[in-house]
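We will go stop by stop.

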Amino acid sequence: MDELREVMITTDEIKTDEYLINMGPQHPSTHGVLRLLVQLEGEIVHNVQPHIGYIHSGIEKMAESLSYPQIGHLTDRMDYLSAHQNNEAVALCVENALQVEVPDRVKYIRTIMSELSRLASHQLWWCVMGMDMGALTTFFYGLRDREDILDIFEETCGARLTVNYSIPGGLMFDIHPNFQRDVKAFIKKFKTKLPEYDRLLSGNVIFTERTKGVGFLSKEDAIAYGVTGPTGRASGFACDLRKHRPYSAYDKVNFKEILSDVGDTYARYQVRMAEMWESMSIIEQLIDNIPEGDYAVKMKGVVKLPEGEFYQRVETARGEFGVFIVSDGKKNPYRVKFRSPGFSNLFAINHIAKGWKIADLVAIMSTFDLVIPDIDR
Amino acid sequence: MKSIISYITEILKGIWTLLTGMKVTAKYFFTPWKHVTQQYPENRKTLKIAERFRGEVIMPHNENNEHKCTGCGICEINCPNGSIEIITKSLILEDGKKKRAIDQHIYHLGMCTFCNLCVKACPTGAIVMGQNFEHAVWDRSTLTKVLNQPGSKIMEGVKD
């Protein structure tokens, strides 16, 4: 309460009917322990101040006392919906530092896995977005289809969420014999289910009234705030690393970078929906062409990076994820920094939500696809 | 007049979009045999868990109560959370030489993140991942387990 009072006193232009409320840390639409200090006049949002730190787990500091293969499993727990891409970023960073070339098979499988987890992440985002808007039905439909992907993960990686599948040097296991069959069956099934999503939510009049023309983010502001991923691309910021800085097998596939120049909440929604089709097309192009070969290269028992600074970035479901490793030649890194997409995206919220109603703030936050441990790692 | 017509068409269009969504839910309402839910605690016998599923670390023993663990401690080094503690003892062989052997392979299930690094690193394949996932207990001290069974010894021919 003292903190609230302090903000009340220090803000100059307080009018009599302006007040502050805490949205969170325990709020169903923040999807985790995120606290937004919202300054309101009636229903109109004047200022949103995100307060983070409620779920800080100190992963960067922990990584300094772990060896390089051990860091990967911690990144599962940051952005748990993009666990594959996070693992891949650490693996690629270490491989680049050691100048290890992984077999093509590894690259193909990593790409398929990344796209599958992007699909799973977007499915969860879609169903939760409907739930935030008050349409609980969507929640069951999204989770129903996500279950199929998680079953594929469970069969091949041994875990459903915290997979720890891409490790420095390759993969933890080879793919399961049923993997290709299951993925093809899933793609075939989901192609009939995705139009169902559109019928349920995309055209719904209540949904479109609440999202169309709400919460604009211009391209310049997106670049200035470092907003990446589907959120940035909805504002016209061409930031898809899969296209512009291809890694793994992304240079071998044809796909479109989904861009929209509208920049409102509905555009962010549509970009993600279109990305699901693109992800499916990428998987279809690769799934039958996985080359034969080893699933990992032999690494030394103790992985030591040469002295220096190494950076690797990948495109997760939320945007650009970067791993920065400073090595002093020992088996533990000297410093590890993770550039998480959620953190940069979140802090554009004050700019976007200003002047809109508090109910629109929920819609805007929903299309940001926030994962709190990713913001507050 | 025009505004009234557009107002009414807007309403009708809106209702139509709602009905389109309702059609999807109605389809599933009248085809309940397509349900995807599982009756979990009741279907334990038919529940299929993937063979690679990482539920807990176990040490398989054969029928003579023998395992493959040499007590080398590589799993302990590879564990990122300190979930594994290796306590060794030294055995005196028949020819008078001393040999290291496992006394207790202590596994803290409550600290484990199921990353598979210990299983991957084990040179003799002594520990594997088990599929049991029902780990809820009343007392957390029961989460600390000793993986090698009492009275067990190392299998013939396993060397480190």
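pLDDT is the predictor's confidence in each residue, on a scale from 0 to 100. You need it here because this is a predicted model.

**Stop 1: confidence in chain B**

Colour chain B by pLDDT. Its mean is 87, and 98% of its residues reach 70 or more. Now compare the elements of chain B. Strand 5 has the highest mean pLDDT, 91. Strand 7 has the lowest, 82.

**Stop 2: a stacked pair in chain A**

A search over all chains finds 16 aromatic pairs. Select Trp126(A) and Tyr197(A). These two rings are stacked, with centres 3.9 Å apart and 10° between the planes. Where do Trp126(A) and Tyr197(A) lie in chain A? Trp126(A) is in helix 5 (residues 104-132), and Tyr197(A) is in helix 7 (residues 179-202), so the pair ties together parts that are 71 residues apart in sequence. Is Trp126(A) buried or exposed? Trp126(A) is buried, at a relative accessible area of 0%. Tyr197(A) is buried too, with a relative accessible area of 0%.

**Stop 3: a tilted pair in chain B**

Next, select Tyr40(B) and Phe133(B). Their ring centres are 6.1 Å apart and their planes meet at 45°, so this pair is tilted. Tyr40(B) sits in the loop between helix 1 (2-30) and strand 1 (56-58) of chain B. Phe133(B) sits in the loop between strand 5 (128-130) and strand 6 (144-146) of chain B. The pair therefore ties together parts 93 residues apart in sequence. Tyr40(B) is partly exposed, at 32% relative accessibility. Phe133(B) is also partly exposed, at 34%.

**Stop 4: a ring cluster and two charges**

Go back to chain A. Select Trp125(A), Phe207(A), Tyr266(A) and Tyr269(A). Ring pairs link these residues into a cluster. Which ring face does Lys212(A) lie over? It is the face of Tyr266(A), and Lys212(A) is 4.9 Å from the ring centre. For another charge over a ring, select Arg377(A) and Phe343(A). Arg377(A) lies over the face of Phe343(A), 5.7 Å from the ring centre.

**Stop 5: a serine in a loop**

Select Ser152(B). It lies in the loop between strand 6 and strand 7 (153-154) of chain B. Ser152(B) counts as buried, at 16% relative accessibility. Follow the side chain of Ser152(B): it reaches the backbone oxygen of Gln149(B) at 2.7 Å. Beyond neighbours within four places in sequence, Ser152(B) is in contact with His61(B), Asn65(B) and His67(B).

**Stop 6: cysteines**

How many disulfides are there over all chains? The count is zero. Take Cys69(B) as one case. The nearest cysteine sulfur belongs to Cys75(B) and is 6.3 Å away. A disulfide needs two cysteine sulfur atoms within 2.5 Å, so Cys69(B) is in no disulfide. Cys69(B) is buried, with a relative accessible area of 9%. In chain A, select Cys239(A), which is buried at 9% relative accessibility.

**Stop 7: positive phi angles**

Most residues other than glycine have a negative phi. Asn164(A) has a positive phi of about 50°. It lies in the loop between helix 6 (137-157) and strand 4 (166-167) of chain A. Asn164(A) is buried, at a relative accessible area of 1%. Last, select Asp369(A). Its phi is positive, near 55°. Asp369(A) is in the loop between helix 15 (358-367) and helix 16 (372-375) of chain A. Asp369(A) is buried, with a relative accessible area of 7%.

Key. Residues are numbered from 1 along each chain as its sequence is written. Chains are lettered from A and ligands numbered from 1 in the order in which they are written. This is a predicted model: local features need pLDDT of at least 70, side-chain atom pairs count only at pLDDT 80 or more; totals for chains, interfaces and linings use all residues. Side-chain values use heavy atoms; hydrogens and water are left out. Rings of Phe, Tyr and Trp (its six-membered ring) pair if their centres lie within 6.5 Å; planes under 30 degrees apart count as stacked, over 60 as edge-to-face and the rest as tilted. Helices (H or I, at least four residues) and strands (E, at least two) are DSSP runs, numbered from the N terminus. Buried means under 20% relative accessible area, exposed over 50%, partly exposed in between (1.4 Å probe, protein chains only). A charge sits over a ring if NZ of Lys or CZ of Arg is within 6 Å of the ring centre and within 35 degrees of the ring normal. A polar contact is a pair of N or O atoms within 3.5 Å; within protein, one must be able to donate a hydrogen and the other to accept it, and residues adjacent in sequence count only if both atoms are side-chain atoms. Contact means heavy atoms within 4.5 Å.
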